[in-house]
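Take a moment with the sequence and the fold below. Then follow the text through the chains.

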Amino acid sequence: MQSHDGQPQADRSACGFYYAEHTADVLIRAWSTSMLGAVRQTLLATASLAVTTSQVRRTGERTVLIEAADPVAGLVAAANELLFLLDVEGFVAADIAVCPAPGSSCGAEGGASPASGGSCSWQITLSGDLLAEAIPPYQVGTIPKAATYHLATLAQVQQPLSSGYAAERWEASLVLDL
Amino acid sequence: MSLPGNLRPLDRYRWLLPREAAAGMRTDGLIYASQDMLADIAADRAHEQVANVACLPGIVGRSMAMPDIHWGYGFPIGGVAATDVTRGVISPGGVGYDINCGVRVLRTNLDETAVRGRLEPLVAKLFAAVPAGVGGKGGVELTPATMEEVLRDGAAWAVAQGLGTRDDLAACEDGGRISAARPAAVSNKATTRGLRQLGTLGSGNHFLEVAVIDEVYDERVAAAFGISRGMVTISIHVGSRGLGHQVCTDSLEDMVKAVKRYGITLPDRQLACAPLESPEGQKYLGAMSAAANYAWANRQVITANVRRAAGEAFGVEPAALDLSLVYDVAHNIAKIEQHTVDGRQIEVCVHRKGATRAFPAGHPDVPVRYREVGQPVLVPGDMGRYSFILVGTDRAMAETFGSTCHGAGRVMSRTAAKKQAHGADVQRQLAAKGILVRGHSQAGLAEEAPDAYKDVQEVVRVVHEAGISRRVCRMRPLGVIKG
């Protein structure tokens, strides 16, 4: 996993994210080999703005259920749930798991493809810590207000390889209002 | 230089984006800017967002942008658009997530010499008195019942708790309360976020600023505003905190569905909207107005804490410092207003997304004390340069639905700003200019470095020369507290 500003140093890695240029806010670009993997990377990018996830201790868990009309709406809703927990509880994430919600009719991918606009139902589990109780305290970075629909995408793309073949991967983008 | 997006100059400060420039535009776009600003606008592609807003059903007049224009989401920052209340839509993207983000300016009876002698304790007291940063807890704790009162009554609620005076309400846009507020339209999630955030600063570009008026351009209007050269002022820039953000998030979910229900075609999903007269439109208007009232209550509570902290810093009762309110403006809001269009008085919903109301002399919505000269317009700059007080004009009423700029506007992304300097570097650079800065986050300070913003003097010059508001005075920062 990679997380840094600007273009990724090795975007042929299996998964990762970076923060792209956006004048007033933050534009996240994330990728993975699966749709839910790309969602996870986007959420890790969102969480890492506040406190770098690798520095967060795992003292508790939060679980949220996302039901949305389509996976892009699901992506936006999931990021907003994470920001809700941050704002109300001061909960910062160390790691995030994204999987189909129990009992949902979504397949292992977590929903129909974005092209068909199928609905999605996801369970998101965050392990992390509470800012107010953290000893030593975390260094807090940027606190987004909300995830927006602007430039929000979640799509399967073909990535050309040096061998001349192409690999498929899932890419996501999300703008967070600051 | 070729102009971005088919922009056509009307004069030195008005650039027309004809409706033929992009498919779906129902009207022209109009951008207020200088020639020098066009390169940034082109690089930013913010003019494309002006074109997108021109696609909104029921738009009245042009889709406009002020010279602090920059790329936002849906609407550009600096965007102004009015829609017909019976045939048009209301769009949460035309207000933004920070509903009623706005500014108020307090006058004092202090001068720079007096403040320089106590600047460090003053900034320290203000920093301690107004909670900020993530969560921003430490504010007034509300119950669900008192939350309903805040959402309904706005700044008046805070005054009723002894946190201000009736004079404060008289000097506030709309008296610090919009009657269209419907507390029941605000979700439980939104009220949960707001229960412990009243009286807090939040983060990002929110701030408190101690400044001195170092230039007066219009002595008559300045006198009417009760301000003068050499006077120290205190500004408060903040909005509706997590409650407002959640209202916008909730509303966009409703609107994304509504767009399909009402068969509205939009070039950008973030422009999701609904007919103003629809249940979704009315719900958003009610919730947005309630969130706007929360923001006014927030600024009023912070004002009370600022007055107390200033008194403590100077070892006097706050009343001895005459910290009275010059004015309070909203710059992210949608309001139902009466305007003259093609010679007829009609009711429109004016969206101002990073734009400020600028009503002229004689307008009934301008406080009585200012009605002879016009409404004060408060335009904060970045923390290293100036802020301004302007006055509204007749030309603004004629051209921009009584609107003007709101601030400096960003030119550099936050990632680029953080690469350029650390927060501590920004503090040192400003200290060398005699400006004491304290922030709740070093990353936040770097993101808010002066170089990340347009020069607000240029923004103000454009609106002044274009005649949509007039310069009254300039304020130079002495101390800044960043969220």
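This is a predicted model: local features need pLDDT of at least 70, side-chain atom pairs count only at pLDDT 80 or more; totals for chains, interfaces and linings use all residues.

Residues are numbered from 1 along each chain as its sequence is written, while chains are lettered from A and ligands numbered from 1 in the order in which they are written.

Start with chain A. Chain A holds two helices and eight strands. Here helices (H or I, at least four residues) and strands (E, at least two) are DSSP runs, numbered from the N terminus. Their order from the N terminus is β-β-β-α-β-α-β-β-β-β. Chain A has 178 residues, and 49% of them count as buried. A residue is buried if 20 or more other C-beta atoms, placed from the backbone, lie within 10 Å of its own. Contacts can also be sorted by sequence separation. Two residues are in contact if their C-beta atoms, placed from the backbone, lie within 7 Å. Among contacts in chain A with a separation of 6 or more, 66% join residues 24 or more positions apart.

Now cross to the partner. The contact takes 29 residues from chain A and 36 residues from chain B. On the chain A side, α2 (71-89), β7 (146-160) and β8 (166-177) each supply at least two residues. The most come from α2(A), with six residues.

Chain B has its own helix packing. Helix α5 (residues 144-153) of chain B meets helix α11 (residues 279-314) of chain B at an angle of about 95 degrees, with axes 6 Å apart. The axes are lines fitted to C-alpha atoms over the stretch in contact, and angles run from 0 to 180 degrees between N-to-C directions. α5(B) and α11(B) are therefore roughly perpendicular to each other (65 to 115 degrees). α5(B) contributes Val150(B), Leu151(B), Arg152(B) and Asp153(B), and α11(B) contributes Ala290(B), Asn293(B), Tyr294(B) and Ala297(B).

Helix α11(B) matters again in the next feature. The largest nonpolar core has 226 residues; such a core is a set of buried Ala, Val, Leu, Ile, Met, Phe, Trp, Tyr and Cys residues joined through C-beta atoms within 7 Å. α11(B) gives the most to this core, with 19 residues. Ile31(B) and Ala291(B) have the most contacts inside the core. Beyond its neighbours within four places in sequence, Ile31(B) touches residues including His47(B) and Val50(B).

Both of these residues are buried in α2(B). In helix α2 (residues 46-53) of chain B, seven of the eight residues are buried.

Note on methods. Angles under 35 degrees count as roughly parallel, over 145 as roughly antiparallel, 65 to 115 as roughly perpendicular and the rest as oblique. A residue is buried if 20 or more other C-beta atoms lie within 10 Å of its own, exposed if 12 or fewer, and partly exposed in between; C-beta atoms are placed from the backbone.
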